[in-house]
Each structure stands twice: as C-alpha cells, then as structure tokens.
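User: I would like to go through this model residue by residue. Could we begin once it is on screen?

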Amino acid sequence: MSGESTTRTAPRTAGAGTAQAGGSRIGQRLSGLAVALGLVLFLGGFVWGALIYRPYTVPTSSMTPTIDVGDRVLAQRVDGSDVRRGDVVVFRDKTWVTNANVVKRVVAVGGDTVSCCTNGKLTVNGKQIDEPYLPAGSLAEIQNFQSVTVPKGRLFLLGDERQGSLDSTAHLTDAAKGTVSRGAVSARVDAVVWPMNGMLKRPTGFEALGALSRPGPLRTIELLVAAGGVLVLVGGAYGPIAKRLGRSRTHSTPEPAGAR
C-alpha cells in the first residue's frame with residue numbers, strides 16, 4: 001500500500017506544479033480578454049484620432065507665444081461654419097499666401113465690428129477684449145486701424161504676435177477688408193504636441209460676445225490609447241509572471257515523503 005500511495009502522490013504534485021506555472025485557466029482567459037480589449041482601445045484611439053485630427057508644423061513666429069516657430073500642432077477637422085471667436089484656425093487664402101496653410105486666431109466673425117485700439121485693447125462690438133495669450137507687455141496692435149465690419153460668412157484674423165504677424169491688418173486695403181471666407185478654414189488647432197505644451201487655453205476674453213468653441217475629443221483619444229496600452233501590457237505580462245510565481249512555489253514546496 002505504501003508503494004501505491006507513492007505512485008499516486010507523485011503525478012498529483014507534478015500536475016499541480018504545471019498548472020501553477022502557467023497560471024489558472026481563469027487568469028489566462030482574463031489576460032487574453034485584457035490584451036484583446038487593450039488592442040481595440042489602443043488601435044481604435046489611433047484610428048479615431050487620424051480621422052478627426054491633422055498634424056501641422058507652424059513655420060513662422062506670428063502665433064508666439066501660443067505657438068512658436070517650428071511647433072507641431074494637432075488641428076481638428078471642422079467646417080468653417082463651426083468656427084467661433086477666439087479659435088486658432090488653419091486656412092488657405094490665395095490673396096494671403098499661395099498654396100500654403102496659414103494659422104491665425106479669429107477675433108471677429110460675420111456681422112462684428114472690430115477696431116483697435118481703445119485703452120490699448122482690441123475692441124469687438126464696442127467691448128474691450130482681454131487677450132492673455134499675447135506676449136507679456138505687448139500691445140493689442142502695433143498701429144491703430146479704423147473700424148471694420150466683417151461681412152457675413154467671413155472672418156477677421158490676427159496673429160498672437162501682433163508686431164510681426166501678416167494678418168487681416170495687412171490686407172485692410174483688399175476688397176474683402178482683410179477678411180477671410182469661412183469656407184477657407186479646414187481645421188481648428190486643439191493642442192501643441194511638439195514640444196508637449198498640451199491643449200490650447202480657452203480664449204475667455206470673447207465669452208461676453210457669445211459661446212466659445214468646445215475642445216475636440218483629443219483628451220478622450222489620449223485616454224483610450226493610454227488605457228489600451230496598459231491593458232495590453234498587463235494582460236501580456238500575466239503569463240510570464242504566473243509562470244515565475246509557479247516555479248518559485250514549486251521549488252519552495254517540500255517533496256512528499258516516499259516520492260522517490
């Protein structure tokens with residue numbers, strides 16, 4: 001009977017050690033689900049971002065300090081009709097620059113009357129606008145300009161670095177009085193991603209004139225990608241960790257009497 005007991009005990013010990021080394025079946029299934037879900041979130045976030053956002057490199061310093069020369073930005077694809085005051089937009093207008101994108105800030109929309117300067121500030125519809133995004137100590141505009149009433153369906157745009165920006169004020173003598181068609185806008189800048197300055201600050205100075213644009217889903221996309229990456233790493237690490245723990249337990253378990 002002693003021999004029979006020894007024969008039965010040895011396989012049971014080996015079998016238990018094998019199960020522990022590979023992790024439990026439930027653990028393996030959960031790790032597989034974590035990897036699968038992580039891949040869906042990770043790849044889905046990238047695909048969603050690629051469909052909604054476009055990257056641009058800003059070649060000039062006209063938007064300093066909000067966007068410096070050479071910065072890489074992410075701009076959400078939007079229809080020009082969705083653009084509101086304070087937005088930093090990407091557009092093309094051949095009367096400004098031929099075959100090139102331009103990045104400027106919208107300070108007035110169709111129907112607005114814009115002028116500068118009153119007490120050193122930009123005025124839109126008779127309201128003085130606080131512009132905290134301007135370089136410290138700089139003027140709202142380097143020279144005064146007469147009031148401009150923006151035609152319906154058009155936008156008046158300025159750079160945040162007013163001293164060196166070739167913006168609407170440089171085109172006041174044009175037929176459109178420096179304004180740009182809403183249809184020329186292709187995207188709205190949400191964030192500076194290189195260097196990693198993050199989301200653009202809200203242009204709160206325009207709130208008294210109407211609702212501001214809402215930020216795009218960039219933060220949600222970032223969370224999806226990050227969560228997906230974590231799930232893939234955790235799920236993929238379960239097997240090796242469980243195997244190592246199983247081996248350590250096997251080595252630390254006393255060998256049954258009579259196993260040899």
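User: Which side chain does R105 join in a polar contact, and at what distance?
Analyst: The side chains of R105 and D160 are joined by a polar contact of 2.8 Å. A polar contact is a pair of N or O atoms within 3.5 Å; within protein, one must be able to donate a hydrogen and the other to accept it, and residues adjacent in sequence count only if both atoms are side-chain atoms. This is a predicted model, in which local features need pLDDT of at least 70 and side-chain atom pairs count only at pLDDT 80 or more, while totals for chains, interfaces and linings use all residues. Residues are numbered from 1 along each chain as its sequence is written, and side-chain values use heavy atoms, with hydrogens and water left out.

User: Where is R105 found? And is R105 buried or exposed?
Analyst: R105 is found in strand β4; helices (H or I, at least four residues) and strands (E, at least two) are DSSP runs, numbered from the N terminus. R105 counts as buried because its relative accessibility is 4%, where buried means under 20% relative accessible area, exposed over 50% and partly exposed in between (1.4 Å probe, protein chains only).

User: What does the charged end of R105 sit over?
Analyst: The charged end of R105 sits over the ring of Y133, 3.6 Å from its centre. The criterion is that NZ of Lys or CZ of Arg is within 6 Å of the ring centre and within 35 degrees of the ring normal. Leaving aside neighbours within four places in sequence, R105 has contacts (heavy atoms within 4.5 Å) that include M63, Y133, F156, D160 and P203.

User: Turning to R85: where is R85 found?
Analyst: R85 is found in the loop between β2 (72–77) and β3 (88–91). R85 counts as buried, because its relative accessibility is 15%. A polar atom of the R85 side chain lies 3.1 Å from the backbone oxygen of L209. Not counting residues up to four places away in sequence, R85 touches V106, N125, P203 and F206, among them.

User: N125 is in that list; what is its phi near?
Analyst: Phi of N125 is near 55°, a positive value in a residue other than glycine. N125 is found in the loop between β6 and β7 (127–129), and N125 counts as partly exposed because its relative accessible area is 37%. K177 also has a positive phi, near 55°, and lies in the loop between β9 and β10 (180–181). Most residues other than glycine have a negative phi, and most peptide bonds are trans.

User: Which peptide bonds are cis?
Analyst: The bond from T64 to P65 is cis, with omega near 5°, and P65 lies in the loop between β1 and β2. The bond from W194 to P195 is cis, with omega near -5°; P195 is found in the loop between β11 and β12 (198–199).

User: New topic: how many residues has the largest nonpolar core?
Analyst: The largest nonpolar core has 18 residues, and those with the most contacts inside it are V114, L122 and F156. β4 (102–109), β5 (113–118), β6 (121–124), β8 (145–149) and β9 (154–158) each supply at least two residues of this core. A second, separate core of 13 residues includes V78, V89, V106 and L157. A nonpolar core is a set of buried Ala, Val, Leu, Ile, Met, Phe, Trp, Tyr and Cys residues joined through side-chain atoms within 4.5 Å.

User: How many aromatic pairs does a search of the whole structure find?
Analyst: The search finds three aromatic pairs. F91 and W96 form an edge-to-face pair, 5.3 Å centre to centre with 85° between the planes. F145 and F156 form a stacked pair, 5.8 Å centre to centre with 25° between the planes. This pair links distant parts of the chain, with F145 in strand β8 and F156 in strand β9, eleven residues apart. Rings of Phe, Tyr and Trp (its six-membered ring) pair if their centres lie within 6.5 Å; planes under 30 degrees apart count as stacked, over 60 as edge-to-face and the rest as tilted.

User: Finally, how many bridges join β2 to β11?
Analyst: Six bridges join β2 to strand β11 (residues 185–194), and the two run antiparallel. The bridge partner of Q76 in β11 is R188. Strands pair if DSSP finds at least two bridges between them.
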